[in-house]
Amino acid sequence: MLLHIIARGRIGRGPEAELVERYMKRLTWPHRISELPDTGGRMPAAAAGSRIVLLDEGGEQMASLEFARLLETWRDGGVREARFCLGAADGFTPAERQGADRVIAFGRATWPHLMARAMLAEQLWRATSIVAGHPYHREGRQ
């Protein structure tokens with residue numbers, strides 16, 4: 001399953017970009033990042049049966065294990081692409097929210113766009129490592 005980050009705005013160079021790159025390099029699942037301008041731009045074509053996940057401060061809060069199981073279920077169910085969308089400063093329209101398969105948040109706090117992208121990259125790597133049985137994730141260990 002392709003893990004596809006679609007983000008409004010350009011990340012450029014800097015510590016956030018380095019974090020995103022670091023975690024994306026660790027992913028063993030197919031992955032891609034598409035950047036769109038803050039407004040306008042054309043959304044990349046989606047594979048049939050894609051799942052759309054919006055990252056939004058008002059979304060559902062998921063533990064890392066839940067997130068990993070969601071990706072595993074989609075992958076094992078034949079989903080070809082999971083699209084993770086990060087909106088511009090004003091977030092998503094009601095129509096975009098309604099058209100999403102999931103709306104998730106990284107806690108109740110508002111995160112800067114570039115930090116949210118880095119956190120998403122890390123969570124994607126964490127989730128795929130959980131699915132693979134890698135010892136990186138330590139939830140529940142003493």
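Are Phe67 and Phe84 buried or exposed? In this predicted model, Phe67 is buried, and Phe84 is buried too.

**View 1. Tyr23 and Trp125 form a tilted aromatic pair.** A search of the whole structure finds 2 aromatic pairs. In the pair of Tyr23 and Trp125, the ring centres are 6.4 Å apart and the planes meet at 40°, so the pair counts as tilted. Tyr23 belongs to helix H1 (residues 15-26) and Trp125 to helix H4 (residues 113-132), so the pair ties together parts that lie 102 residues apart in sequence. Tyr23 has a relative accessibility of 13% and counts as buried. Trp125 is also buried, at 11% relative accessible area.

**View 2. Phe67 and Phe84 form an edge-to-face aromatic pair.** Their ring centres are 5.9 Å apart, with 70° between the planes. Phe67 lies in helix H2 (residues 64-76) and Phe84 in strand S4 (residues 81-86); the pair links distant parts of the chain, 17 residues apart.

**View 3. The charged end of Arg26 sits over the ring of Trp125.** The distance from this charged end to the ring centre is 5.1 Å. Trp125 is the residue whose ring also pairs with that of Tyr23.

**View 4. Arg83 is a buried residue of strand S4.** Its relative accessibility is 3%, so Arg83 counts as buried. The side chain of Arg83 reaches the backbone oxygen of Ala45 at 3.3 Å. Leaving aside residues up to four places away in sequence, Arg83 touches His4, Ile6, Met43, Pro44, Ala45, Ala46, Ser50, Arg51, Ile52 and Val53.

Note on methods. Residues are numbered from 1 along each chain as its sequence is written. This is a predicted model: local features need pLDDT of at least 70, side-chain atom pairs count only at pLDDT 80 or more; totals for chains, interfaces and linings use all residues. Side-chain values use heavy atoms; hydrogens and water are left out. Rings of Phe, Tyr and Trp (its six-membered ring) pair if their centres lie within 6.5 Å; planes under 30 degrees apart count as stacked, over 60 as edge-to-face and the rest as tilted. Helices (H or I, at least four residues) and strands (E, at least two) are DSSP runs, numbered from the N terminus. Buried means under 20% relative accessible area, exposed over 50%, partly exposed in between (1.4 Å probe, protein chains only). A charge sits over a ring if NZ of Lys or CZ of Arg is within 6 Å of the ring centre and within 35 degrees of the ring normal. A polar contact is a pair of N or O atoms within 3.5 Å; within protein, one must be able to donate a hydrogen and the other to accept it, and residues adjacent in sequence count only if both atoms are side-chain atoms. Contact means heavy atoms within 4.5 Å.
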